[in-house]
Amino acid sequence: MHSDAEEYLEIDTERVLVLAHFSGHGKRSGLDLEQITGSGRGAGLFHVRGGKVTRHVVYLDRERALADLGLAETRESN
């Protein structure tokens with residue numbers, strides 16, 4: 001799996017959402033990650049405290065990440 005960051009969004013003082021494009025394929029199955037996710041567009045939510053990542057949540061569906069964080073409506077209006 002490979003990810004390329006496309007955008008960084010500071011949620012608050014302890015959380016950063018990184019919008020990313022994921023790519024890769026299964027070594028055994030040969031399945032392409034973009035086929036599984038539908039777009040390859042996902043996100044990573046990083047919880048940071050004291051300059052260290054304390055939690056990392058991976059979303060394979062970017063829209064789900066934005067909805068979970070209450071940002072979907074904000075992004076649509078921009």
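Guide: Let's begin with Arg-62, a buried residue with a relative accessible area of 6%. Here buried means under 20% relative accessible area, exposed means over 50%, and partly exposed is what lies in between, for a 1.4 Å probe and protein chains only. Please keep in mind that this is a predicted model, where local features need pLDDT of at least 70, side-chain atom pairs count only at pLDDT 80 or more, and totals for chains, interfaces and linings use all residues. Residues are numbered from 1 along each chain as its sequence is written, and side-chain values use heavy atoms, with hydrogens and water left out.

Side chains of opposite charge can pair when their charged atoms come close. The working rule for a salt bridge is a side-chain nitrogen of Lys or Arg within 4 Å of a carboxyl oxygen of Asp or Glu, and by this rule the count comes to four. One of them joins Arg-62 to Glu-6, with the closest N and O atoms 2.6 Å apart. This pair links distant parts of the chain, since Arg-62 belongs to helix H2 (residues 62–68) and Glu-6 to strand E1 (residues 2–12), 56 residues apart. Helices (H or I, at least four residues) and strands (E, at least two) are DSSP runs, numbered from the N terminus. While Arg-62 is buried, Glu-6 is partly exposed, at 48% relative accessibility.

Next comes Asp-12, which forms a salt bridge with Arg-15, the closest N and O atoms being 2.9 Å apart. Asp-12 is partly exposed at 31%, and Arg-15 is partly exposed at 24%.

A further salt bridge runs from Glu-14 to Arg-49, with 3.2 Å between the closest N and O atoms. Glu-14 sits in the loop between E1 and E2 while Arg-49 is in strand E3, so the pair ties together parts that are 35 residues apart in sequence. Glu-14 is partly exposed, at 32%, whereas Arg-49 is exposed, at 54%.

Arg-49 leads us to the strands. Two strands pair if DSSP finds at least two bridges between them. Strand E2 (residues 15–23) and strand E3 (residues 41–49) pair in the antiparallel sense over seven bridges, and Val-16 has Phe-46 in E3 as its bridge partner. E3 also pairs with strand E4 (residues 52–59), again antiparallel and over seven bridges; there, Ala-43 stands opposite Tyr-59. E3 and E4 form a hairpin with two residues between them, and Gly-50 in the turn has a positive phi of about 60°.
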